[in-house]
Amino acid sequence: MNIMTEAAVEQKVQAGLNEPAVKMKGESVDVHYGEKQALFGVNLDIRENQVTALIGPSGCGKSTFLRCLNRMNDTIDIARVSGKITLDGEDVYDPKIDVVELRARVGMVFQKPNPFPKSIYENVAYGPRIHGLTKNRAELDGIVESSLKKAALWNEVKDRLNESGTGLSGGQQQRLCIARAIAVSPEVILMDEPCSALDPIATAKVEELIDELRENYTIVIVTHSMQQAARVSQRTAMFHIGYLVEEGATEKMFTNPDDKRTQDYITGRFG
Amino acid sequence: MATTDTIGGSPTAARPPVVWNSEEMAKRRKARYGADRRLQIYGMVAIAFALGFLAVLIGTLTFTGYRAFTQSMVTIDIDFSAAELNRDDLMDANWRTIFRQAVLDDVGELSRSEERDYFSMFTSSAPFLIRDQIIADPSILDGRATFMVPMSDPIDQLAKGLVNTDLPENQRRVNDKQVELFNQLKEKGAVTQPFNWALFLNADSRFPELAGLSGAISGSFWLLLVCFLISFPVGIAAAIYLEEFAPKNRFTDLIEININNLAAVPSVVFGLLGLAVFLGWFGLPRSAPLVGGMVLALMTLPTIIIVTRAALTSVPSSIREAALGIGASKHEAIFHHILPLSMPSIMTGTIIGLAQALGETAPLLLIGMNAFITSPPAGVLEASTALPTQIYIWADSPERGFVARTSAAILVLLGFLVLMNGIAIFLRQRFERRW
């Protein structure tokens with residue numbers, strides 16, 4: 001049997017199972033921080049237009065894996081990544097890959113809301129502006145408005161776009177950061193514990209937003225909250241001390257996990 | 001992991017209860033409070049000591065210097081209708097005679113030697129001061145006009161009560177006849193002591209009554225301008241490279257150590273370097289603010305680099321990540337976000353560095369900025385002095401009038417320093433962001 005047909009068959013099988021296509025793929029990803037190894041041979045598929053939740057106890061490597069996907073680990077001098085991570089089949093660690101383009105396609109929302117100390121408008125407009133996505137002010141205004149609407153923030157801030165983004169409440173700041181990420185029209189959005197600094201009401205709003213964003217974007221979210229993973233994700237990957245323990249449909253992971261460690265973690269026996 | 005229940009020794013060993021209100025405990029606490037109080041007292045004593053010295057410094061400077069802020073002037077009245085003047089050649093008219101005739105009208109008959117004593121009571125440049133005023137405005141020549149002419153240094157001292165007239169005549173610089181003539185002028189109301197604008201408007205002079213700081217102030221201005229234009233961009237560029245781009249290896253470590261040590265190199269060494277390199281090799285003009293500014297820039301650079309690096313690292317990494325996370329390139333993250341956010345601290349540090357440069361004397365002495373120069377520089381290539389070197393020159397001058405002027409010049413320099421530090425504090429208060 002030749003390879004082409006094998007791939008075709010696999011595709012067919014996938015289509016038959018109604019599984020979305022793989023958007024990003026990690027293959028035996030190892031990460032070292034200096035001498036210390038943080039990730040051991042992680043293989044994980046991120047599927048298109050789904051929310052993939054990365055869970056696991058603190059220090060398990062889930063944030064490290066997330067930061068590999070858009071090469072944010074590059075900013076850490078001692079971090080070393082080996083293995084292969086692909087975006088639409090392209091190796092993102094290929095020296096020929098433009099990291100600016102990669103990060104525009106794979107946007108990121110951080111744990112602590114980090115709006116620029118500039119106006120709300122400038123926060124959202126910054127990305128489109130540096131990437132030259134608009135030709136004139138009207139188009140830019142349009143992007144700002146639609147991004148803020150998608151981030152469910154427009155109604156709260158439309159009258160004060162010129163006020164500082166840092167003056168918003170924590171939940172609003174985080175939605176502003178999401179709007180800022182969306183404004184660049186990324187394909188994938190990485191979220192690193194986006195709700196850990198928010199109160200329950202703001203958390204609910206952001207979770208609702210994540211569910212809506214799934215239609216247009218592929219989302220990877222790191223979370224410490226089991227309930228959140230269960231609520232917002234379609235697939236869940238469980239990490240433990242640098243290893244990917246188990247990965248699968250969220251429903252299955254939370255009801256009938258294959259691995260005992262997953263079960264223990266989910267039921268709160270360790271972590 | 002599960003906690004052990006053995007913390008604090010064996011669980012079975014009974015511990016006697018602590019009696020918190022016992023005599024012994026109270027004594028112990030008292031001793032600890034005592035230590036707190038003592039520390040506070042040491043601090044207060046140290047601050048009082050420092051403030052005391054500052055008060056003594058400012059006090060003595062003000063005490064010796066305040067007299068230089070006024071200058072004894074004599075008002076003379078000249079009737080030009082009587083004078084024979086060729087209006088087409090005012091420059092070469094006999095101003096000396098005109099001036100002398102006018103002042104002689106104020107007093108009675110004098111012998112020849114008394115006349116000499118009398119004329120020396122006015123600044124020797126008096127005829128030229130009158131000439132310059134008339135050339136600036138020839139309409140003065142129609143009829144009578146009054147002029148304010150500085151009195152010479154010894155008479156200025158006399159007017160300010162600094163000459164002890166009880167001393168024998170040969171032990172003072174003002175003789176009895178001059179005292180008498182001075183009192184005559186004073187009774188006529190011709191002697192006044194207005195604010196000494198010449199201190200700020202004139203350049204240096206051999207005669208204390210005419211000497212001023214304008215040359216030194218403009219020299220210092222050009223110096224600082226050159227120093228700022230060189231050290232600010234270079235310092236920031238170096239700091240950005242070291243902080244954001246340089247690989248961390250032995251070589252960059254070495255550079256870092258050297259920069260930090262450079263801040264501690266004695267300033268006279270920078271002066272020698274300037275003398276050898278800028279004057280010797282490059283052949284730049286001696287005494288020029290350009291060279292002075294370059295030398296001071298070398299001194300200010302390490303300060304600016306260190307301050308800038310500290311400011312850059314104080315911007316939280318979340319801002320950098322935010323910018324990089326939406327696809328900003330490294331230089332965009334730095335120039336759009338990190339640098340603007342650290343600018344207030346950088347400006348504050350730069351102003352403090354420049355204030356330090358303003359007071360620097362030794363390197364300027366070595367490149368000849370302590371020359372005697374009687375006109376303010378019009379640019380960075382003209383010979384000039386600077387405030388600290390002017391103080392140095394005046395402190396070295398024997399005339400009595402320069403004693404007060406030295407102190408006055410120090411007060412002016414301190415005034416500029418306070419102003420610059422005030423601006424730095426204002427910038428810090430107003431713009432600095434706390435993360």
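This section describes the domains, nonpolar cores and surface features of a predicted model.

Chain B is divided by the domain assignment into domain 1 (26-67), domain 2 (71-194) and domain 3 (214-431). Taken over C-alpha atoms, the centres of domain 1 of chain B and domain 2 of chain B are separated by 52 Å.

The largest nonpolar core comprises 52 residues, and those with the most contacts inside it are Met24(A), Leu54(A), Phe65(A) and Phe239(A). The most is given to this core by helix α13 (residues 330-358) of chain B, which supplies six residues. A second, separate core holds 46 residues, including Leu199(B), Cys227(B), Ile391(B) and Leu427(B). For Leu54(A), neighbours within four places in sequence being left aside, the contacts include Leu44(A), Lys62(A), Phe65(A) and Leu66(A). Val220(A), Ile221(A), Val222(A), Thr223(A), Ala237(A) and Phe239(A) are also in contact with Leu54(A).

On the surface, a nonpolar patch is formed by Ile47(B), Leu51(B), Leu54(B), Leu57(B) and Ile58(B), with about 460 Å² of accessible area together. Ile47(B) lies in helix α1 (residues 23-65) of chain B. Because its relative accessibility is 54%, a value over the 50% limit, Ile47(B) is classed as exposed.

Helix α1 of chain B also contains Arg32(B). Arg32(B) has 54% relative accessibility and therefore counts as exposed. Between the C-alpha atoms of Arg32(B) and Leu224(B) the separation is 52 Å, the two residues being 192 residues apart along the chain.

Technical notes. Residues numbered from 1 in each chain as written. Chains lettered and ligands numbered in written order. Predicted model: local features only at pLDDT ≥ 70, side-chain atom pairs only at ≥ 80, totals over all residues. Heavy atoms only, no water. Patch = residues over 30% accessible without salt bridge, like charges linked within 9 Å, V, L, I, M, F, W, Y side chains within 5 Å. Areas by Shrake-Rupley, 256 points an atom, 1.4 Å probe, with all protein chains shown as cover. Salt bridge = Lys/Arg side-chain N within 4 Å of Asp/Glu carboxyl O. Helix = DSSP H or I, 4+ residues; strand = E, 2+ residues; numbered from the N terminus. Buried < 20%, exposed > 50% of the residue type's maximum accessible area, 1.4 Å probe, protein only. Domains from an automatic or database assignment. Core = buried A, V, L, I, M, F, W, Y, C linked by side-chain atoms within 4.5 Å. Contact = heavy atoms within 4.5 Å.
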